[in-house]
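I opened the notebook to keep a record of what I looked up in this model, entry by entry. The sequence and the coordinates come first, and my notes come after them.

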Amino acid sequence: MRREEIRISHHNRTVDGVFYRPEGIRRFPVVLFSHGYNGCKTDFETAAEYFSQNGIGAVCFTFCGGSTHDVSGFPTTEMTLFTEKEDLCAVLDEVMSWDCTDRGHIYLFGASQGGMISALAAEEREKDIDGLILLYPALCIADDWNRRFPVREAIPDTQDLWGMLLGRRFFESIRDFDIRKQIGRFRKRVLILHGADDAVVPVSYGEWAASAYPNARLEIFQKEGHGFTPDGDRRMEGMTMAFVHECMEAERKGTAWS
């Protein structure tokens, strides 16, 4: 395995990331890992190393303005769900341009807010990805904030959340946003992993998503919350690896995943 720093410029900003490259393989599948709110490119380092050591490339990156650890210079107060979707799509475009990428087998993996971003990107880029993995996806974001700020006049210029400052743009951009109208058309395989004791994102959102997608499977992790224990993470990594292999095998056989 080789660890390579990458920089991807788009929309007048630059995404900072890491490519975990399997050695001894000319072309391989790639998983794109999207972190959650105020996370960063190292959040799924262990999973990325596990994948690359088993012949599957991995890219981890930090959303511009999506973290106090971000080095892009893009302010957290300018970040929105939609700037993050642009970041992910730019990473996807970059990965698709690499000769080492098996372009028929690219997978989006997103955790929490990164799960919501991955779900949104999958709707736009279905032809470019082979499967979607959502880890306790924060599909509740717009619902939660619109309940907190029920009218536009209630939106503050800035709002501190868990040590990171959000700006008015974030809240205004989701005023009329309904996740139930935005996702669910993605026809390829979806794996949703959700903790039964998640106190941040109710498991009902994972259940709804599993019913909305035509080809989805929901795995509920008992005694896990929003952010898994080390044991939960190891189980998640194994299930994600198995999912990627299921997707590739199903394509080889020309069969649907049930």
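The entries below go from conventions to the sheet, then to helices, loops, single residues and cysteines.

**Conventions.** I am working with a predicted model, in which local features need pLDDT of at least 70 and side-chain atom pairs count only at pLDDT 80 or more, while totals for chains, interfaces and linings use all residues. I number residues from 1 along each chain as its sequence is written, and side-chain values use heavy atoms, with hydrogens and water left out.

**Sheet.** I looked up the strand order and found eight strands in an open, mixed sheet, running β1-β2-β4-β3-β5-β6-β9-β10; I take two strands as paired if DSSP finds at least two bridges between them. At the edges stand β1 (2–10) and β10 (216–221), each with a single partner strand, so one side of each has no neighbour in the sheet. From one strand to the next the twist averages 20°. I note as background that strands of a sheet pair through backbone hydrogen bonds, either parallel or antiparallel.

I then took the pair of β3 (residues 28–34) and β4 (residues 57–62), which run parallel and are joined by five bridges. Within that pairing, Leu-32 stands opposite Val-59 in β4. Helix α1 (residues 45–53) packs on the sheet, where I find it touching β1, β2 (13–21), β3 and β4, and its direction makes about 45° with that of β2. Contact here means heavy atoms within 4.5 Å; axes are lines fitted to C-alpha atoms, for helices over the stretch in contact, and angles run from 0 to 180 degrees between N-to-C directions.

**Helix pair.** How do α2 and α3 cross? I find that the axes of α2 (residues 81–96) and α3 (residues 113–124) come within 9 Å and cross at roughly 65°. The crossing is right-handed, a term I use when the near helix is turned clockwise from the far one by less than a right angle, anticlockwise being left-handed. On the α2 side I list Leu-81, Glu-84, Lys-85, Leu-88 and Cys-89, which meet Gln-113, Met-116, Ile-117, Ser-118, Leu-120, Ala-121 and Glu-124 in α3. The residues of this contact divide into seven nonpolar, two polar and three charged, where Ala, Val, Leu, Ile, Met, Phe, Trp, Tyr, Cys and Pro count as nonpolar, Asp, Glu, Lys and Arg as charged, and the others, Gly among them, as polar.

In the loop between β1 and β2 I find His-11, which is not a glycine and yet has a positive phi of about 45°. Asn-12 lies in the loop between β1 and β2, with a positive phi of about 65°. His-11 counts as exposed at 52% relative accessibility, and Asn-12 is exposed at 86%; buried means under 20% relative accessible area, exposed over 50%, and partly exposed in between, with a 1.4 Å probe and protein chains only.

I also checked the hairpin of β7 and β8, where two residues lie between the strands and Trp-162 takes a positive phi near 55°. Strands β7 (residues 158–161) and β8 (residues 164–167) pair in the antiparallel sense over four bridges, and the bridge partner of Asp-160 in β8 is Leu-165.

**Buried strand residues.** Ile-192 lies in β9 and is buried, with a relative accessible area of 0%. Leaving aside neighbours within four places in sequence, I find Ile-192 in contact with residues including Leu-134, Pro-137, Ala-209 and Leu-218; the C-alpha atoms of Ile-192 and Ala-209, 17 residues apart along the chain, are separated by 8.1 Å.

Gly-195 lies in β9 (residues 189–195) and counts as buried at 0% relative accessibility. The C-alpha atoms of Gly-195 and His-226 are separated by 6.5 Å, though 31 residues apart along the chain.

**Cysteines.** How many disulfides are there? I count zero, a disulfide being a pair of cysteine sulfur atoms within 2.5 Å. The sulfur of Cys-100 is 15 Å from the closest cysteine sulfur, in Cys-60, which is too far for a bond. Cys-100 is buried, with a relative accessible area of 6%, and Cys-140 is buried at 3%.
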